[in-house]
Amino acid sequence: MQDVIKQNITKELFPGLFREHRAAITAGDYPSLTVQRDNAIRRFEELGFPTIKLEAWKNTDLKESFGKEYNFVLKPEQGVDVQKVFRCNIPHLDTAIMGQLNGWYVSKDVPLMELGNGIIMGSLAEAMKKYPALIEAHLGKYADFNTDSFTALNTAFFMDGVFIYVPENVKSPKPVQIINVIHHDQNLFLQSRNLVVLGKNSRLSLVHCDDSYNHQPSFSNVVTEICLGEYSSLDHYKLQNLNNASTLISSVYFQMEASAQLESHYISLNGGLLRNNIRLRFNGPHGDAKIYGIYLMDSKQHIDNQVFVDHAFPDCISGELFKGILDEHSSGVFNGHVLVERNAVRTNAYQSNRNILLTETAKVNSKPFLEIYNDDVKCSHGSTTGQLDQDAMYYLRQRGIGEDSARMLLMYAYADEVISRIAIDPLRYRIEDMVKKRLQGELQICEACVLHCNTPEQPVEFVIDMTKI
Amino acid sequence: MLLSIKNLHASINGKEILKGIDLDVNQGEVHAIMGPNGTGKSTLASVIAGREVFDVTSGEVIYKGRNLLKLAVEERAREGIFLGFQYPVEIPGVSITNFMRTAVNEVRKFKGLDPLGGGAFLKLMEEKKKLVELTSNLANRSVNEGFSGGEKKKNEIFQMAMLEPTLAILDETDSGLDIDALRVVANGVNKLRTKDNAFMVITHYQRLLDYIIPDFVHVLFEGKIVKSGSKELALELEEKGYDWIRKEQRDNGIAG
């Protein structure tokens, strides 16, 4: 088997590629997974890649992303120097930080760690060998490949990714950070798969970063399944800082069992084309899910947030707040869809999407949507798109604040409504710094690793002192 | 002379609002600008402050010996021009502390002074809060967000105290205030009056002038100052109403 296959992306390519490399791809499978993969590739053949003729892809055109040649890597690189790749010392790698390079889990020593409190974290490929029953109980149960061709393709091809398991009644003592780095001297096409399982009454903070370290084009089709057991609680952060030649299709499937609690924060700072498919299902009553997003786009960057929330059970609460600032020729899409099923009485759901367009060439398509099948609900949705408030600009300038500083102050204040909800203090400070830098156009793409790359903490200097005193 | 306005004409969207204003303001003086609605009082304030939506079509404004009209809004502010807004703008997410610290330090930078550190700034803020009898805890609130009408106006006076302007223009600061808030606002102004600064108090009613005693009263009517006098003029206006001005203008054949 070749390690690297260089191809343009077409629908026709994949079934052949799958058949040719099926033995290698399925080598680590438990039996039912191989069956799933066979079904998934068949389904992909039927579905094909989405085009702008589909409602869900109307405003996100993948043509340019597909038009490049990519390398398909079917084996992890050997002898990766973890220290070198992550560019700084990673003192907590064995405990809280999980590295992923070009879709493959990388570790200093063991690929799968079992901590004293029962938490398991590490390579998904390794976990499939060691804990097949645990994986089989969850993998592919939430990410339905019948309705989504990227999920189908990922299901057929994935070979590794991150696995995290928090057992019943265990509270993870510190945040876990997944750093997913794309760094290669060739264009890469990646399909990694992550699985996060929170047992009953457990708790986890998870920071999930997608970073690139150079300007090489890449195409990532990543599927993450997250199952929140009864009464469990997850604080989830997705931080995206990729180069302008990268395409990321990130599909995250949340399964919320009864009384589970989720706060998810999507912070999109850079990326050529970012598509966040967020699909959440309440699979029991009294669940509570809040999904926040902030996106800051410029040049020709494109961001597409698709949020689907399925209220299948009564007494659940869901909230969405997505805010964006779009500069230059950038574009954005927000599609929020809340489905309230017939029996889901006393549902409380709101959706809000707000956008600021800084130029006449920036654009956004926003569509919050409620689909409700019972009348005992409290639902609201709203969407606004506008410019920076000119009255506020005048007011700030009349007090002696220069135009650039006034603009910064207003943009930062706008973003702060989302950022201020970040519960982990050091993480919030770091993200505040990154947003300030981003708004000043000074953020480097390699700066995203939130918790590890900043020791000792380096103060960031700003024109405006934003310190809250 | 601090401010000298000569034959100032200004328009918005092609509609002329100011039709030849002449006004001189010296340091240490308080000028009241009165007049009925829609005669250009707020426009005059905005043009002095530098709001870009207004076009100055002719005339000149000299401030501290310089052509004011050439300066941007923030440059005028740093030169000591302060506008107390008739409708203070709500700015969610920007705390008053942050806002004022940025503003004070930008003005200090312009004057070649070092920025105020956190401690010194907080001290200044407490001092000025006391001066304007501001009791509510503003520090962590967003600028004007959710403020009552009275709080917004007090906040304007507080900002004025923080920035210590040379020329303060108060645009209908008294509108929408109850008598207690009015007194607080007026006291703030009186405490800030010095021989080196000047005030332009734009008001509709004589009421505010019971508390802020003006040196001069000007009546603005249809884009022009048609009458100037001492504080007694305000009393006369209160008594006779603006119809008196209208009639006088009609009789003079100036306005229809």
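## Strand β11 of chain B and its partners

B:His31 stands opposite B:Phe216, a residue of strand β11 in chain B. The model discussed here is predicted. The pairing to which these strands belong is parallel: β3(B), residues 30–34, and β11(B) are joined over four bridges. Strand β11 of chain B spans residues 216–221 and is mostly covered, with five of its six residues buried.

β11(B) also pairs with strand β12 of chain B, residues 224–229, in the antiparallel sense and over five bridges. Within that pairing, B:Val217 has B:Gly229 of β12(B) as its bridge partner. β11(B) and β12(B) form a hairpin with two residues between the strands, where B:Glu222 takes a positive phi near 50°.

## Confidence of the prediction

For the complex, the predictor gives an ipTM of 0.96 and a pTM of 0.85. Chain B has an average pLDDT of 92, and 98% of its residues score at least 70. Among the elements of chain B, the highest mean pLDDT, 98, belongs to strand β6 (residues 81–84), and the lowest, 87, to helix α8 (residues 242–251).

## Overall organisation of chain A

Chain A contains ten helices and 23 strands. Of its 469 residues, 51% are buried. When contacts in chain A between residues at least 6 apart in sequence are considered, 82% of them join residues at least 24 apart.

## A covered strand in chain A

Strand β15 of chain A is mostly covered, since eight of its ten residues are buried. β15(A) has a parallel partner in strand β13 of chain A (residues 233–241), to which nine bridges join it. In this pairing A:His236 stands opposite A:Ser264 of β15(A). β15(A) is also joined to strand β17 of chain A (residues 288–297), again in parallel, by eight bridges. There, A:Ile267 stands opposite A:Ile294 of β17(A).

The loop between β14 (246–256) and β15 (261–270) of chain A holds A:Ser259. This residue has a positive phi of about 60° although it is not a glycine. Most residues other than glycine have a negative phi. A:Ser259 is buried, with 20 other C-beta atoms within 10 Å, and a count of 20 or more is what defines a buried residue.

Is B:Glu133 buried or partly exposed? With 17 C-beta neighbours inside 10 Å, B:Glu133 counts as partly exposed.

## The interface between the chains

In the complex, 22 residues of chain A are in contact with 25 residues of chain B. On the chain A side, the elements that give two or more residues are α8 (390–398) and α9 (403–419). Helix α9(A) gives the most, with seven residues. By class, this side of chain A has ten nonpolar, four polar and eight charged residues.

Why is α8(A) described as largely enclosed by the rest of the structure? Seven of the nine residues of α8(A) are buried, so the helix is largely enclosed. The buried residues of α8(A) are A:Ala392, A:Met393, A:Tyr394, A:Tyr395, A:Leu396, A:Arg397 and A:Gln398. Their cover includes α9 of chain A, together with α1 (41–49), α2 (73–78), β6 and β7 (91–95) of chain B. After α8(A) comes A:Gly400, which has a positive phi near 100°.

## The largest nonpolar core

The largest nonpolar core has 200 residues, of which A:Leu228, A:Phe254, A:Leu409, A:Ala415, B:Ile169 and B:Val201 touch the most other members. Helix α9(A) supplies the largest share of this core, eleven residues. Domain 1 (4–284) and domain 2 (388–469) of chain A both give residues to the core, so the core lies between them. In soluble globular proteins, nonpolar side chains tend to be buried together.

How values were computed:
Residues are numbered from 1 along each chain as its sequence is written. Chains are lettered from A and ligands numbered from 1 in the order in which they are written. This is a predicted model: local features need pLDDT of at least 70, side-chain atom pairs count only at pLDDT 80 or more; totals for chains, interfaces and linings use all residues. A residue is buried if 20 or more other C-beta atoms lie within 10 Å of its own, exposed if 12 or fewer, and partly exposed in between; C-beta atoms are placed from the backbone. Two residues are in contact if their C-beta atoms, placed from the backbone, lie within 7 Å. Ala, Val, Leu, Ile, Met, Phe, Trp, Tyr, Cys and Pro count as nonpolar, Asp, Glu, Lys and Arg as charged, and the others, Gly among them, as polar. A nonpolar core is a set of buried Ala, Val, Leu, Ile, Met, Phe, Trp, Tyr and Cys residues joined through C-beta atoms within 7 Å. Domain bounds come from an automatic or database domain assignment. Two strands pair if DSSP finds at least two bridges between them. pLDDT is the predictor's confidence in each residue, from 0 to 100.
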